[in-house]
Amino acid sequence: MRGLLSSTFAPSLTSSLGITCATTLVVPLAVVVAAPAMAQGPALRAVAAEARDAGSTQSLPLAPLAGRRAATAAPDRAERGLVRQDVRPFSLLGVVWDDPDAEFHGRVQVRTRAAATGGWSDWKDLETHTSEHGADPGSAEKAARGGTAPLWVGASDGVEVRARPEADAHGGGGAVPVLPSGLRAELVDPGDGSAAEAPAGRGAAARSGAGPEVLPALSRAATERQAAALRAVTPDPDATPEAPAPAAPVAEDVVDEPLAAPYIGPRPAIVTRKGWKANEGLRERGFVYTSKVKVAFVHHTATGNGYTCSQAPSVIRSIYRYHVGSMGWRDIGYNFLVDKCGKIYEGRAGGVARPVMGAHTLGFNSNSMGIAVIGSFGYIKPSAKAVRGIARLTAWKLGLHGMNPKGKTYLTSGGGNRYRKGKNVRLNTISGHRDGFATSCPGGRLYSKLGKARTTAARYQGR
């Protein structure tokens, strides 16, 4: 059972990450391929890799803040936070609460102290409405906690937090709302990935994380042969959800079979989980697959734009630790991530060519994939390289499943605030998160570039 991370700043993980692989996990239109049980749980594995450079999370409860506003408010409506204090080094932070179904109506702001200079930042807002990023309603991967989007702040050793209840446009009403219970700040140190390792055991699931650090770009001919091999081992999309998915990843061997789908973009270079040094001991051991990939939902991570491309692996390791340890997901939620330099990264484990079910677009995780551009794009436009990265990735991955990047298709809603459960929804094959849920994601400036991504992806497919 998932628990909380240690509040004693322990660099080791507690049993919050000791999640036994759910071999009986039931997800609509999904199947699970499970690895053998671990010889020792993630908590014991983490204790063995206790050095701070292996990464850690500090979990600090938010207390009522002094002041006239707090003194005149009811206890459950008082401003809460952390007074300015020294902490162990961290680079990303967010705020979580106990009930994953509770909405935070208000504002969360943070200030941090740069470890290199000792200077304090200005107050920065965290995105509080993030419940739409997650597993489908009723699925076995329901988040263990609610939380804000995390914010990348770089190497820091001081923090100050204030969480204020306010009526807002998300249903807070006219009265001052109640803050969720169990508020605490999660301060994540990504480390240098020195604890990264493939899980022990045999089989494809155990080998995830092994292999090359970067899957090289393939020519169109090699990509077409790979696609034919994939179709030879992929379950029929019209088969029952219980049809077993193949246990082994698709081999890169040349296969002399004709390509059934005439349009597919060449596979771009992809930094694997080994490349960004994912600690495979954190995530759950099994993989969940859907039938195919019909829609690519584009997101932004809302972690801010203050990172360099060389820091992108650290940002991803931080998001991974936040998603798994702080939010309680089985793995990082996104299937792929793209940085500001256009580099593509493998997200959720299970095979880059496979239809791995993610936790990114509540209500539409079946038969889709989630691509997150690292950054915040409400007011800042994404780089041309990032948009081109989306196009290259979708031209290949949608092409593997016979989809036209400029086309439309139908997905069945699993439930949400835009579409009721069971409704067939017509969507662009490259859609923004807001197309499936009433949200600002992926930010207006990135959303406006999706038309460019569609036409470029179609060109890469030879259309």
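A contact means heavy atoms within 4.5 Å of each other. Keep that in mind for the fold. Among contacts in the protein chain between residues at least 6 apart in sequence, 79% join residues at least 24 apart.

This is a predicted model, in which local features need pLDDT of at least 70, side-chain atom pairs count only at pLDDT 80 or more, and totals for chains, interfaces and linings use all residues. Residues are numbered from 1 along each chain as its sequence is written, and side-chain values use heavy atoms, with hydrogens and water left out.

Confidence comes next. pLDDT is the predictor's confidence in each residue, from 0 to 100. The protein chain averages 80, and 73% of the residues score at least 70. Residues 1-52 have a pLDDT below 50, yet beyond near neighbours in sequence this stretch has 126 contacts in the model. Residues 200-207 also fall below 50, with 20 contacts beyond near neighbours in sequence. Where pLDDT is low, the predicted coordinates should not be read in detail.

Now the overall make-up. The protein chain has eight helices and 19 strands. Both are DSSP runs, numbered from the N terminus: helices are H or I with at least four residues, strands are E with at least two. Of the 463 residues in the protein chain, 56% are buried. Buried means under 20% relative accessible area, exposed means over 50%, and partly exposed is in between, with a 1.4 Å probe and protein chains only.

On to individual places. Start with Thr-272. It sits in the loop between β11 (270-271) and β12 (287-289). Is Thr-272 buried or exposed? Thr-272 counts as buried, because its relative accessible area is 6%. Leaving aside residues up to four places away in sequence, Thr-272 touches Pro-212, Glu-213, Val-214, Leu-215 and Glu-346. Its C-alpha atom is 8.9 Å from that of Ile-344, 72 residues apart along the chain.

Ala-228 belongs to helix α4 (residues 220-233). Ala-228 is buried, because its relative accessibility is 2%. Between the C-alpha atoms of Ala-228 and Leu-400 there are 8.6 Å, although 172 residues separate them along the chain.

Then the aromatic rings. A pair of aromatic rings is described by the distance of the centres and the angle of the planes. Rings of Phe, Tyr and Trp (its six-membered ring) pair if their centres lie within 6.5 Å; planes under 30 degrees apart are stacked, over 60 edge-to-face, and the rest tilted. How many aromatic pairs does a search of the whole structure find? It finds five. One of them joins Trp-97 and Phe-104: this pair is tilted, 5.6 Å centre to centre, with 40° between the planes. Trp-97 is buried at 2% relative accessibility, and Phe-104 is buried at 0%.

Phe-364 and Tyr-419 make an edge-to-face pair, 6.1 Å centre to centre, with 90° between the planes. Phe-364 lies in the loop between β15 (344-346) and β16 (368-373), and Tyr-419 in the loop between β17 (408-412) and β18 (424-428), so the pair ties together parts that are 55 residues apart in sequence. Phe-364 is buried at 1% relative accessible area, whereas Tyr-419 is partly exposed at 21%. Together with Phe-297, Phe-364 and Tyr-419 form one aromatic cluster.

The backbone is worth a look. Most residues other than glycine have a negative phi, and most peptide bonds are trans. Asn-367 has a positive phi, near 60°. Asn-367 is also buried, because its relative accessibility is 12%. Ala-302 has a positive phi near 60° as well; Ala-302 is in the loop between β13 (295-300) and α5 (312-326). Which peptide bond is cis, with omega near 10°? The bond from Cys-441 to Pro-442. Pro-442 is in the loop between β19 (430-432) and α7 (444-447).

Last stop, helix α8 (residues 450-460). Its buried residues include Leu-450, Ala-453, Arg-454 and Tyr-460. Just after α8, Gly-462 has a positive phi of about 85°.
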